[in-house]
Amino acid sequence: MTEPDGQRDAGHRGDPWWHGAVIYQIYPRSFADSNGDGVGDLPGIRRRLEHVASLGVDAIWLSPFYRSPMADFGYDVADHCDVDPVFGTLEDARGLIDDAHRLGLAVLVDFVPNHTSDQHPWFVASRSSRSNPMRHWYTWRDAGRGPNGVPNNWRAAFTGEAAWVRDDTGQLRPRWGLEATDQSTSAWTWDEATGQFYLHTFLPQQPDLDWRNPEVVAAQHDVLCFWLDAGVDGFRVDAIITIGKPEGLPDADPDLALIPEAGLTDEEFARSQVRDLRALVDAYRPDRILLGEVGGIDASAIRRYVAHDGFHLAFDFPPMFDRWRADRWRRHIDEAEAAHVDGEWPTWVLSNHDTPRHADRFGSEARARAAAVLLVGLRGCVVLYAGEELGLVDAEIAPDDRLDPGGRDGCRAPLPWTDAADHGWPPQAWLPFPANAETRNVERLEADPSSILHLYRRLLAARRSSPALRSGSFTWLADQPEGVLAWLRTVDPGSADPEPSSRDADRLVTVNFTESPAVVTTPSGNWVLVASGDGDGSEVDQPWDGRLGPDGAVIAQRR
Ligand code: NOJ
């Protein structure tokens, strides 16, 4: 196995590799299949890793590939320290980590602290009798007096309905689970054999561990050590807020009682556990990182999980649930900039395996291209979801064909590699292809320099080669036309700037959120294009006079 090197592609001034990094999420079932069973696997990822490296990203994040009955497609872990046969073997995982390191990619794996599968030996033991020593690894309660005797009014996530619906205008909107009211969505399931309810913030097949039990904490810390020993560079930490249940498990506020508990908890207890995870990772070796999934709360709340030796990074999710509008993005960026101070980094993300792809949500590829410029031009880290570099939209899945209890199949469609009808997959892939796979597949887009794939490469190359873009400060450029945002990224004065003067090193980023042309007010100087959202590469280094086309977006620098 290759030795992970803490100095991998150190950023500006030898900063840690993850400052301003771009991380690429791979959902293993959907990336690439090596053995013809129609489900993506680890050897499949190894075969396609050159594609990932060619984009110019810094790291990959692998969604769970551990042993699992797949009730939640791997987020129901039955053995944290083994690979599910559908994905391969531990040897394949080790080989993948080595390959990635050889290609200069750091590797993050998913860590699921809050729950296990109901098939995990820990839960099998816990449920076997009230007196089992592992009984209190999970949360068991006697029947109460409420409806159906459930101990409190908490709701579980995933109602079996799609979490996003199209409104009257055809736009996708989050549903937030407000429609379901029946007790089948309770966060408690009755166990007939031992005569108690157990708690599950997600599916009944995902019982919640009790993190107030030190044995649970120690066992989960051992899981981190296992993967650190295997050479990973860090973890994406799943659903962290849910480990912080309020003492006594009180009822949720009746006004919020229809919202799953997974979106409501925000307790200091969870943050204290995050600090312990951070201490463990820091003590292991420098430059191992934790990227937290802190769901459902605003940027300042997310920051509480980062500040004071919490996570290195945490997703800023609110923009992912919002519309493609300048005023909304202005607010999100302001909030993130105000929240992440003292050397902290916002983490920007537009798509993932839980959310309809943004090319779908924003309604056009032109906007997806502008969104790529926006992401790469912001201060902070960026997480890309495999396939967004192809401009993929979701697969269309009829309600009867849904596999996922949360209705999230559409964004998990297999990645189309080739132009052929099977797109590089066996005849029966586990899900249908994205609706635009015929024209948005890797083979076809490789051959077209004007494609969104080459745009991502140009943008990521621009970010890697510019300290201002990668880690410089952020300043709005005022007085822009309605619907247009513009900002400067600037290398700190006084830093050991490798470029001629910090003024020349500035990068101007601008995005037109409207469908009309616009003219940006630029600071003085002659500006040339670094990349343009609608370009084919021939625009690079051409003079730029501040004009933006409809849905236009550019990065520019002074000549
Ligand atoms: C968040 C993950 O992203 C999602 O896919 C999963 O279903 C839940 N956490 C539960 O683990």
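Start with G40, which sits in the loop that runs between α1 (28-31) and α2 (42-47); helices here are DSSP runs of H or I with at least four residues, numbered from the N terminus. This is a predicted model, so local features need pLDDT of at least 70 and side-chain atom pairs count only at pLDDT 80 or more, while totals for chains, interfaces and linings use all residues. Residues are numbered from 1 along each chain as its sequence is written, and side-chain values use heavy atoms, with hydrogens and water left out.

Is G40 buried or exposed? G40 is buried because its relative accessible area is 0%, and buried means under 20% with a 1.4 Å probe, protein chains only. Leaving out residues up to four places away in sequence, G40 touches P28, R29, A32, D33, V86, F87 and W425, contact being heavy atoms within 4.5 Å. L108 is 68 residues from G40 along the chain, and their C-alpha atoms are 18 Å apart.

Now the ligand. Around the ligand are D72, Y75, H115, F158, F202, R236, D238, E293, H353, D354, R408 and R412, where near means a heavy atom within 4 Å. By class that shell has seven charged, three nonpolar and two polar residues.

Next, the polar contacts, that is, pairs of N or O atoms within 3.5 Å. The side chain of D238 places a polar atom 2.8 Å from a ligand oxygen. For R236, a side-chain N or O atom is 3.0 Å from an oxygen atom of the ligand, and for R408 the distance to a ligand oxygen is 3.0 Å. On its own the ligand has 300 Å² of accessible area, and the protein covers 97% of that, by the Shrake-Rupley method with a 1.4 Å probe.

Key: Polar contact = N/O pair within 3.5 Å; in protein donor to acceptor, adjacent residues only side chain to side chain. Nonpolar A, V, L, I, M, F, W, Y, C, P; charged D, E, K, R; others polar. Helix = DSSP H or I, 4+ residues; strand = E, 2+ residues; numbered from the N terminus. Buried < 20%, exposed > 50% of the residue type's maximum accessible area, 1.4 Å probe, protein only.
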